[in-house]
Amino acid sequence: LPPSCPRDGGACPCRVSSVLNRDVKQFGKKHMFDASEETCWNSDQGTCQWVTLDFPRTVKVSQLHIQFQGGFSSRLCTLEGCRAGEELVKISDLYPEDTHAMQISFAALQAGFQVEETVLDKLKITFENSTDFFGRIVVYHLGVLGERL
């Protein structure tokens with residue numbers, strides 16, 4: 001159930017902390033969901049960049065897929081979530097590798113990169129510790145798998 005984000009820039013169920021040079025056409029959030037290897041979301045500089053996903057229906061999240069650009073990844077991702085009308089609560093910490101490869105949150109395959117199965121309406125991913133000196137984050141693909149309830 002990856003959140004769909006129309007390529008034409010229509011309503012997207014997500015928000016981001018920043019976009020490089022405010023150039024949403026080239027580096028906007030929609031590029032995390034367009035399945036293109038050529039496009040990406042590129043944050044501006046600064047600490048603690050984040051992405052928030054607001055699901056149109058309650059979901060049970062079981063996996064997180066993320067593909068950074070090596071050198072512009074995060075050593076620590078904090079996941080928070082909540083049901084509609086509630087405050088965000090911490091779900092888990094993820095420790096992705098600084099690589100361009102797709103990383104999938106299977107608990108059995110990658111220690112330190114696992115997602116607790118959680119029922120929620122909103123998910124926030126905070127990139128706590130960028131590998132880039134200026135704090136920029138580059139994400140080519142972000143996918144949330146699970147089931148709609």
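Biologist: Leaving aside neighbours within four places in sequence, which residues is V138 in contact with?

Modeller: Contact here means heavy atoms within 4.5 Å, and on that reading V138 is in contact with C40, W41, N42, Q67, F68, Q69 and F72, once its neighbours within four places in sequence are set aside. This is a predicted model, in which local features need pLDDT of at least 70 and side-chain atom pairs count only at pLDDT 80 or more, while totals for chains, interfaces and linings use all residues. Residues are numbered from 1 along each chain as its sequence is written, and side-chain values use heavy atoms, with hydrogens and water left out.

Biologist: Where is the place of V138, and is V138 buried or exposed?

Modeller: Buried means under 20% relative accessible area, exposed over 50%, and partly exposed in between, with a 1.4 Å probe and protein chains only. V138 lies in strand β8, strands being DSSP runs of E with at least two residues and helices runs of H or I with at least four, numbered from the N terminus. Because its relative accessible area is 2%, V138 counts as buried. The C-alpha atoms of V138 and F27 are separated by 8.9 Å, although these residues are 111 residues apart along the chain.

Biologist: How many residues has the largest nonpolar core, and which have the most contacts inside it?

Modeller: In soluble globular proteins, nonpolar side chains tend to be buried together. A nonpolar core is a set of buried Ala, Val, Leu, Ile, Met, Phe, Trp, Tyr and Cys residues joined through side-chain atoms within 4.5 Å. The largest one here has 28 residues, and W41, L53, L123, F127, V139 and L142 have the most contacts inside it. Among the elements giving two or more residues to this core are β7 (118-127) and β8 (138-148), while the largest share, eight residues, comes from β3.

Modeller: A disulfide is a pair of cysteine sulfur atoms within 2.5 Å, and the structure holds zero of them. C48 is partly exposed because its relative accessibility is 35%, whereas C77 is buried, with a relative accessible area of 2%.

Biologist: Which side chain makes a polar contact with the side chain of T39?

Modeller: A polar contact is a pair of N or O atoms within 3.5 Å; within protein, one must be able to donate a hydrogen and the other to accept it, and residues adjacent in sequence count only if both atoms are side-chain atoms. The side chain of T39 makes such a contact with the side chain of D34 (2.6 Å). T39 is placed in the loop between α1 (24-27) and β2 (41-42), and counts as buried at 13% relative accessibility.
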